[in-house]
Amino acid sequence: MTTLIESEDHKSLRAAVSAFAQTHPHTTNAEDNKRLWQDAAKLGYIGVNLPEAYGGGGAGITELSLVLEELGAAGNPLLMMIVSPAICGTVIARFGTEEQKREWLPPLADGSRLMAFGITEPDAGSNSHRITTTARRDAATGDWILTGRKVFVSGVDLADATLIVGRTEDARTGRLKPCLFIVPRDAPGFERRPIDMELNAVERQFELTLDDVRLPADALVGDEDAGLLQLFAGLNPERVMTAAFAIGMGRHALAKAVEYARERTVWKDPIGAHQAIAHPLAQAHIDLELARLMMQKAAHLYDAGDDVGAGEAANMAKYAAGEACVKAVDQAVHTLGGNGLTREFGLARLITASRVARIAPVSREMILNYVSHQTLGLPKSY
């Protein structure tokens with residue numbers, strides 16, 4: 001029942017975040033965005049999912065996704081919430097050493113530090129088994145030496161470190177296995193190059209080069225033999241949070257369209273009185289609400305410790321939210337007509353942004369693959 005009806009605490013959190021977000025008008029200015037992040041952190045919103053013992057709110061992905069959704073609905077989505085507290089914070093909280101937790105969780109919670117996440121590679125795409133970034137041990141010092149490339153890594157210029165997914169060789173089998181490493185932004189051999197994107201966002205995308213980056217032994221997060229488990233412990237929250245990001249964006253666009261349809265009068269009645277305008281907006285609202293239900297289910301399953309159940313639900317939520325967001329934005333722009341493409345109403349920039357929810361962090365086709373194989377038991381074609 002908790003996935004269907006929000007508790008009073010969640011309703012209060014939703015109202016508080018919404019009121020807070022309204023005080024920060026949308027901006028693509030880096031300084032204003034940083035101020036929004038810090039102000040949200042002071043109120044406990046950024047680290048709401050992190051353990052209380054390390055300065056967080058002691059709640060879960062359920063609460064963090066609620067925060068991101070409401071920020072997005074107000075036109076102030078914070079993309080790095082998906083990465084820093086949801087992926088990196090979760091992985092360190094669940095699998096990090098005590099030293100790693102003490103070093104990273106308090107500043108991630110209070111907003112004074114950020115962490116990026118690097119998994120995608122130029123030749124691997126959605127196939128994480130083809131990751132070629134490798135980590136080898138220096139037998140003399142015990143250090144790790146990382147070599148490889150990453151692409152489409154968000155906010156590296158804002159982050160103090162990047163959680164890099166690499167692969168180490170299994171001494172028993174010789175096969176490569178995934179592992180996660182904390183790479184400081186100033187590590188020698190760690191270079192970044194901005195990717196020229198047609199996205200109007202504060203958080204830029206980067207290509208990373210790791211040229212024999214030397215890291216101490218304690219840069220490894222968690223158990224070297226449990227890298228895959230640790231990786232997916234971060235990817236499930238990523239999908240839930242991407243759904244929240246998309247739902248918030250869709251709600252924001254829909255709200256603008258509804259307001260316009262109530263007031264815009266061409267003949268004797270507002271255009272919202274006409275079913276050709278009203279029905280598509282109603283359908284967009286229904287789709288967003290249905291996506292939110294699946295997102296809430298995924299978040300509750302994850303917070304309850306059901307990683308397998310959360311994996312299925314998180315993928316479905318991300319798929320549903322991405323589709324609902326694109327449709328809501330498209331219908332909102334169409335409702336406003338020419339005004340939907342003006343800078344005044346701020347909807348045109350969402351046309352490109354909404355597509356991201358379909359593409360990243362995993363494409364809708366790969367989610368359909370997951371559901372057809374894992375849920376329906378159909379054979380793989382690859």
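Helices (H or I, at least four residues) and strands (E, at least two) are DSSP runs, numbered from the N terminus.

F117 is in contact (heavy atoms within 4.5 Å) with V83, I87, C88, V153, T162, L163, V165, L180, L231 and L235, leaving aside its neighbours within four places in sequence.

## About the model

This is a predicted model, in which local features need pLDDT of at least 70 and side-chain atom pairs count only at pLDDT 80 or more, while totals for chains, interfaces and linings use all residues. Residues are numbered from 1 along each chain as its sequence is written, and side-chain values use heavy atoms, with hydrogens and water left out.

Is K150 buried or exposed? K150, in strand β3 (residues 144–154), is buried, because its relative accessible area is 0%. The scale runs as follows: buried means under 20% relative accessible area, exposed over 50%, and partly exposed in between (1.4 Å probe, protein chains only).

Two backbone oxygens take part in polar contacts with the K150 side chain: that of V165 at 2.7 Å, and that of I119, which lies 3.1 Å from a polar atom of the side chain. A polar contact is a pair of N or O atoms within 3.5 Å; within protein, one must be able to donate a hydrogen and the other to accept it, and residues adjacent in sequence count only if both atoms are side-chain atoms. Not counting residues up to four places away in sequence, K150 touches a set of residues including E121, T133, F206 and E207.

## A nonpolar patch on the surface

On the outside, L4, I5, I286, L290 and L293 form a nonpolar patch with about 490 Å² of accessible area together. Patches are made of residues with over 30% relative accessible area and no salt bridge, with like charges joined within 9 Å and nonpolar side chains (Val, Leu, Ile, Met, Phe, Trp, Tyr) within 5 Å. A salt bridge here is a side-chain nitrogen of Lys or Arg within 4 Å of a carboxyl oxygen of Asp or Glu. Areas come from the Shrake-Rupley method with a 1.4 Å probe, and for residues only the protein chains shown count as cover.

L290, one of the patch members, sits in helix α7 (residues 275–303) and is exposed, with a relative accessible area of 52%.

## Backbone details worth a look

Most residues other than glycine have a negative phi, and most peptide bonds are trans. F152, in strand β3, has a positive phi of about 55° although it is not a glycine; F152 is partly exposed at 46% relative accessibility. D212, in strand β7 (residues 205–215), has phi near 50° and is partly exposed at 42%.

The peptide bond from A360 to P361 is cis, with omega near -5°. P361 belongs to the loop between α9 (348–359) and α10 (364–375).

## Pairs separated in sequence

P106, in helix α5 (residues 98–110), and G55 are 51 residues apart along the chain, yet their C-alpha atoms are separated by 5.0 Å. For L176 in strand β5 (residues 176–184), the C-alpha distance to T134, 42 residues away along the chain, is 8.5 Å.
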